[in-house]
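Hi,

Here is the structure I said I would pass on. Have a look at it first, and then read on for what turned up.

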Amino acid sequence: MLPEALQALRASFAEKLSTAPAVLEAHGHDESRLDHHLPDAVLFVSSEEDVLHALQLARQYAFPIVPFAVGSSLEGQVIPVQGGLSLDLSGMNRVLAIEPGGFQATVQPGVTYPELNRQARRHGLFWAVDPGAEASLGGMASTNASGTGAVRYGTTRDNILEMRVALTDGRVIRVGSRARKTSAGYDLKNLFIGAEGTLGIITQLTVKLWPLPAEVVVLRCTFTSLRAAAECAVLIMGAALQPERLELIDEHEIHAVNQYLGREYPERPTLWIELAAASRTALEDSLNVCRELCQDAGAQDIHTAVTPEERGAIWEARHKAYTAMGALHPGHAQLSTDACVPLHRLPDVLDFTRQRCQERALTASFVGHVGDGNFHVLFQAAPDDTATWQAIHATYDEMMQATLQAGGTCTGEHGVGLHKKKYVAQEHADTLDLMREIKALLDPHHLLNPGKIF
C-alpha cells in the first residue's frame, strides 16, 4: 500500500484505522494456521457508508481489500496474501429486526450466529446453520458454511433470503427477496454466497429463522468400524426420519474428547443422531424406528440423551473435537479439510481414505455431517517432519481424487480460499474461465480478496 493511501485512510477514518503490530498479526491468519501474511492496515468499519468509502479509496489508490470478521475460516479466506487493507466488519454487529410472523431476521454482517440465536430464542425461533465456531453471518454467507444442522435445514445458502452487497464501482445492490420464493430474473443472490468476498462485500442480510423444536432427543450409538457407522447413516436417511443432526465421530476423536472434557464415551466409531417432533408420542415413534435401524446395522452401545444437559454435553463434545485433538498432540501442526460425496458413495470414500491413512501410519481422525455425505479429516504431525507431511499431502490428494471420481465436491462447507484452488480447477474445469469472466466483470482491477478461489 502506497504511503499516500495510508494517509488518505487516516484522514478519512482516524482511530478506526490501525497499523498496530498486534492488530496486523491478528488479521494475518485464520483458524487453519497454515498461512500467514500481514495486511498493511486494518480498518474497523461500523457502517455501509464506511465500506463504500473504503472501496472508493481502494479504487483511487489501487490497494486490495480483504473482508474480515471473526477469522474462523479454515482455508485461508481472510488472509491478505497481497497485503493491502483488512476490512474488519465485526463492528457491524447489530440485529436490525426480527420478524417472528415472517420467520426472518435482518442483520449486519458482523453478527455472530450465537448472538442471533440468543435474540431469536425469545420469539421461539432459531437460526439453524451451526458450524461450531462463533462465526459471523457475513462470513458464513461468504463461504456458504453449514454444519451439524444442515441435514435438516440446509446450508447457509438455503437460509438467506436477501442481501445488500457493496461493489467495487461504488454501487450497493439488493439481491434476493424477503419473500420465501421468487422467480424474478437471474439468481444473483447465490452468486455472492460462497464467493468469499471476491465479488463484493456483504453489508446486510435477511435470513430465515425456524421454530424451535418442541420435543428433542439424541441417540448415541457405537460401531465396530467407520464404514459400518457410515452405512448406518445411509440407512437412517433412507428411512425418512428427517434427523435434526446426524454426526459421525471416529474413535480417535472420541478418545481426545474424553481426555479433554473428562468424558467416558466408548472409544469406538460413533453416530450422534438428534431427532425432533411436535409431540412426545411422535418422537417416541421416530426414536424406536431409529433404534431398530441402528441395531440392524450392527450398533453396539446405544444410549439416549433426553435432558437438555445430556444433549448439550454431546454437542459440546462434537464442537470441541477439533480443539481436543490439538490438545492431545501439543506441538503438532494440523491440516483440517472437508469433502462431500453423494450419500450412497460415502461409506466407500470414507473407507478408502481411512485405509490410506492406516497404510501410511498417519495421525488422522475423522468426523462428518454424514447425513449430507460431508466428512472432515484432521491430519497432524510435527511441523518439521517432512516425510510425514509428504505422506499427508499424498493422502489428501488421493482423497480428493476419490471424492471427485465419486461425483462429489472438494469442499462441502469449508470453501476454497487458498488451499483448494487446485481441486476447484479440476472439479470445474469446464466453467473456470466463465467464473474468471464474472470476477473480471464485477472486480475488473482485482481489488477484492485477490489470490482466492482461482
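Let me begin with a charged residue. Lysine 439 counts as buried because its relative accessibility is 5%, below the 20% cut-off. Keep in mind as you read that this is a predicted model. The partner of lysine 439 is aspartate 443: the two form a salt bridge, with the closest N and O atoms 2.7 Å apart. Aspartate 443 counts as buried too, at 0% relative accessibility. Elsewhere, salt bridges with shared partners link Arg227, Glu231, Arg345, Asp348 and Asp351 into one network.

How many salt bridges does a search of the whole structure find? The count is 28. Two more of them deserve a look.

One is between arginine 318 and glutamate 247, whose closest N and O atoms are 2.7 Å apart. Arginine 318 sits in helix 11 and glutamate 247 in strand 13, so this pair ties together parts that are 71 residues apart in sequence. Arginine 318 has 10% relative accessibility and counts as buried, and glutamate 247 is buried with a relative accessible area of 0%.

The other joins lysine 420 to aspartate 338, with 2.9 Å between the closest N and O atoms. Here lysine 420 lies in the loop between helix 14 (386-405) and helix 15 (421-427), while aspartate 338 is in strand 16, so the pair ties together parts that are 82 residues apart in sequence. Lysine 420 counts as buried at 0% relative accessibility, and aspartate 338 is buried, its relative accessible area being 0%.

Helix 12 (residues 321-328) is worth a stop. Which of its residues are buried? Ala321, Ala324 and Met325 are. They cover an arc of only 100° around the axis, which puts them on the same side of helix 12.

Now for the nonpolar cores. The largest has 52 residues, of which Ile236, Leu271, Ile273, Cys294 and Phe379 touch the most other members. Helix 8 (residues 226-238) supplies the largest share of this core, 7 residues. If you leave aside neighbours within four places in sequence, cysteine 294 is in contact with Leu219, Cys221, Phe223, Cys232, Ile236, Ile273, Ala299 and Ile302. Apart from this core lies another, of 30 residues, including Leu125, Ala141, Ala195 and Leu199.

Last, a hairpin. Strand 8 (residues 160-166) and strand 9 (residues 172-176) run antiparallel and are joined by 5 bridges. There are 5 residues between the two strands of this hairpin, and glycine 170 in the turn has a positive phi of about 100°. Methionine 163 stands opposite valine 175 in strand 9.

Is valine 175 buried or exposed? It is buried, with a relative accessible area of 3%. Leaving aside neighbours within four places in sequence, valine 175 is in contact with Leu161, Glu162, Met163, Val165, Leu188, Lys189 and Phe192. Alanine 8 is another matter: valine 175 is 167 residues from it in sequence and 31 Å from it in space, C-alpha to C-alpha.

Cheers

How values were computed
Residues are numbered from 1 along each chain as its sequence is written. This is a predicted model: local features need pLDDT of at least 70, side-chain atom pairs count only at pLDDT 80 or more; totals for chains, interfaces and linings use all residues. Side-chain values use heavy atoms; hydrogens and water are left out. Two strands pair if DSSP finds at least two bridges between them. Helices (H or I, at least four residues) and strands (E, at least two) are DSSP runs, numbered from the N terminus. Buried means under 20% relative accessible area, exposed over 50%, partly exposed in between (1.4 Å probe, protein chains only). The arc is that of the directions from the helix axis to the C-beta atoms. A salt bridge is a side-chain nitrogen of Lys or Arg within 4 Å of a carboxyl oxygen of Asp or Glu. A nonpolar core is a set of buried Ala, Val, Leu, Ile, Met, Phe, Trp, Tyr and Cys residues joined through side-chain atoms within 4.5 Å. Contact means heavy atoms within 4.5 Å.
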